[in-house]
Amino acid sequence: QNEPMATQRWESCVYTAEEERDFLKNFLGPTMERAGLGDRKIIGWDHNRDLIYHRACALLSDPEASKYLWGIGFHWYETLAGGAPLHNNVGLVSRAFPRTHLLFTEGTAEGFSRGRLTKWVLGERYAS
């Protein structure tokens, strides 16, 4: 689930850390194994760095959940809510769970502006 703490206007689920852990260990992981897809890489959290350590602890401290988890995904949007960038939280996860992969999965280099949605320069900037 992308951004499990975000209430969206489209189809999505909001999961607490415990709900995500239980879904992983009781449903997603076993279902993937039974379907012969146990070698697929499952990424947990996949949201901002502000709560990454809390979520990683919930997912990775449970052996029955962590055996299915390849890594933790994160975004860098905590500054959109007025907070400071929380780079250190990624380091906390790395030190606490050194075998877990940390994957940056989403971010933008500029603020959102409806007036710039159709501007090619945005895509060209990412491509260069």
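Reply: The account below treats helix 1 and then the chain around it.

This is a predicted model, in which local features need pLDDT of at least 70 and side-chain atom pairs count only at pLDDT 80 or more, whereas totals for chains, interfaces and linings use all residues. Residues are numbered from 1 along each chain as its sequence is written, and side-chain values use heavy atoms, without hydrogens or water.

Helix 1 comprises the 18 residues 17–34; helices are DSSP runs of H or I with at least four residues, strands are E runs of at least two, and both are numbered from the N terminus. From first to last C-alpha, helix 1 spans 24 Å, close to the expected 26 Å, which is 1.5 Å times one less than the number of residues. At L24 the helix bends by about 45 degrees, taken as the angle between axes fitted to the seven residues ending there and the seven starting there.

L24 is also one of the buried residues of helix 1, together with A17, E20, R21, G29 and P30; buried means under 20% relative accessible area, with a 1.4 Å probe and protein chains only. Their cover includes strand 1 (42–48), helix 2 (52–60), helix 3 (63–66) and strand 2 (69–75), where contact means heavy atoms within 4.5 Å. After helix 1 comes G36, with a positive phi near 80 degrees.

Of its 128 residues, 31% count as buried. Among contacts between residues at least 6 apart in sequence, 70% join residues at least 24 apart. The C-alpha atoms fill a box of roughly 45 × 30 × 30 Å along the principal axes.

Note on methods
Buried < 20%, exposed > 50% of the residue type's maximum accessible area, 1.4 Å probe, protein only.
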